[in-house]
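Thanks, everyone. Please look at the model on the screen.

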Amino acid sequence: MDFLSVIKLLGGIGLFMFGMSLTSSSLEKIAGSDLERLLERQTTSKKKRAGLLKGWGMGAGITAIIQSSTATSIMLMGFVNAGIMKIAQAIPVIFGANVGSTITAQILRLGDLGGESFAARLLRPSGIASVLVVIGAFITLFSKKKSMKNVAGVMVGMGLLFYGMFTMEEIFEPFRDSEKFRSALGIFSNPFLGIALGFAVTAILQSSNASVGILQALTVTGSVTFGIAVPVIIGQNLGKGVTTLFGSLGASREAKRITVAYFLFNIFGALFFGLIIYGVYYTAGIPGFSYLANHGDIATLHLGFNLITSMLLLPMTDKIASLTEKFVRKEAVSPSDLELSKLDDMLLNTPSIALDQCRHVIEKMGEAIRENYIAATSLIYEYDPEKLPMLEKNENFIDRCETQLSSYIVRINRNRLTRDDKLVVSEILNSISDFERIGDYCMNIAFVAQEKNEKNIHFSPAGHRETVTIVSAVSYALETMFEAFRKNDDSIAVRMEPLSEAIDELKETIKSHHVERLQTGDCSIEGGVALFDLLASFERITSHSANIALHVIKRVVGDKDFDEMHGHVGDSFSEEYKALYHYYVSRYVEPLQRPVTEEEIREFSTTPSEIIQVEVDKEKEAAGEKSIAVSEKSKKDKAARGKDKSEKK
């Protein structure tokens, strides 16, 4: 073999691998971005056996599509690392993925077709490659539909794969009559050398499919016996774990357990087949070892290794899961780090799952904000310095979430985003800063409460009543916003704008009343400064909550022309909007117009913090009834928009 032949051989391997990659990426696009979500849903089942079989089937099916068990394993690492799946749920998928990875070798067995008829020659790699590339190129040049271009990608990829196979066979064909080559290849019938060769080639190429393809191409020399093929295939299956090992570097402990399970699968298979086959061979002998193998025989051996191994190990999933735990040390991780670890880089190529994780982290931000708001507002009248470390810890978590979410979401693979995914990205990016700012204003409330305590500032009973009222109103606004975001429910989000407007009026009313009390000497200037600082924080919290509600509306409505910064959720002149606005005014503003009673003086002199939550609970129940009209209108508007879009189509 001269230098030019070596270059041609490497070119054939390159064509083979590029064709496999192009086919894989095109099939993924055809399957859609829900491929990973389907894997997540189908691998969980209340019935244990059903869950195992579903996981095995999904692993085999998805790997057959993307043609890479390593890619499936890395995808699983992301799921496990993010807490979406448990290791015991992922292991059956790994077993199925090893079986699915044999599909390429099965396709290449077409090279065994004999005969000189037109159909036989057309189905050979050299014939079918030309047909697929010509059709794929024609579609690419003349079709504007994205779906058809993806189909063309599959056809061109398969064509290149066959061209690569044909090129390798052309290089190997002259060695058919070479005794030196046959003798040199024969040394790999030694099980240790054969396994080492298969392992090394697969590890270097980082693809067992390419390694098996080369072995299939070598069969044209008439020198590949079953005695050579068996140890090489065992080594190829061991070698494909190397790529998975590289992919797990820097991953979490749980993700590394996936790699261990992957290696255990192939090590068990190698030991099982090696001990049985060579135990029989070196005792009783196996006459078939001297027979020549063809493309189909190689494909069958490759399939048999993975299928039988997976069937033997599938019932032992739990034991293997426990065994992986012994190979990987436990890591001490703080709760906040555990939540942020869900933003795993391995999920960046699976947008739907990555976005779900982003929403999960934002919901955790919301829980921290809720906890801080309750704690901060309770400090206004029941100051407890021991709550400050908890507030600061939560605020630090909120800030970290904002930083990491912003960095993470912009790195999601945009080429695989659906229209709905793009709306989710927009919603999250626009909402992150609003959530973070709400957290900041909760801390401002705590700092005002701290200063109020240090300077021994007191509010009058009327000022106390008004403070409790706005704390209750803003708490309800936060709960409404959190619920709308969590459920992606525009019928809940529409409550925010009239509620925000009512809270603005409440703020102005409280300011006006304080000025009156200041003139009569019932309130101090220091108390007024503290009150105005609190009002500013409450107003900003409500404003940012309203912004988030607008982002939810835009995401649910799916209207690109909707201006969430200047638009409105609903018609502010409609009867439904006015009904909600007047209800909130009657609930929060109007009660403050009457003088403080003796009973309220006693109550608001020693108000427990629990009174605020009681008011919020009452408000949620009452407002739910009042918002029925707005919810129904929102649903009708959504249905009308959908009808208009379908008519346009």
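I start with the lining of the largest pocket, which by class has 17 nonpolar, three polar and no charged residues. Here Ala, Val, Leu, Ile, Met, Phe, Trp, Tyr, Cys and Pro count as nonpolar, Asp, Glu, Lys and Arg as charged, and the others, Gly among them, as polar. This is a predicted model, where local features need pLDDT of at least 70 and side-chain atom pairs count only at pLDDT 80 or more, while totals for chains, interfaces and linings use all residues. Residues are numbered from 1 along each chain as its sequence is written, and side-chain values use heavy atoms, with hydrogens and water left out.

Of the 20 lining residues, F172, L185, L197, I214 and L218 lie nearest the centre of the pocket. A pocket here is an open set of points on a 1 Å grid over the protein atoms alone, where a 1.4 Å probe fits, with protein on both sides within 12 Å along at least five of seven lines; lining residues have an atom within 4 Å of a point. Helix α12 gives the largest share of the lining, four residues.

Now the helix pair. How far apart are the axes of α24 and α25? They are 9 Å apart, and α24 (residues 496-520) packs on α25 (residues 525-557) at an angle of about 175°. The two helices are therefore roughly antiparallel, the term for angles over 145 degrees. The residues of their contact (heavy atoms within 4.5 Å) divide into ten nonpolar, six polar and five charged. Among them are I503 and L518 in α24, and L531 and F532 in α25.

Technical notes. Axes fitted to C-alpha atoms, helices over the stretch in contact; angles between N-to-C directions. Parallel < 35°, antiparallel > 145°, perpendicular 65-115°, else oblique.
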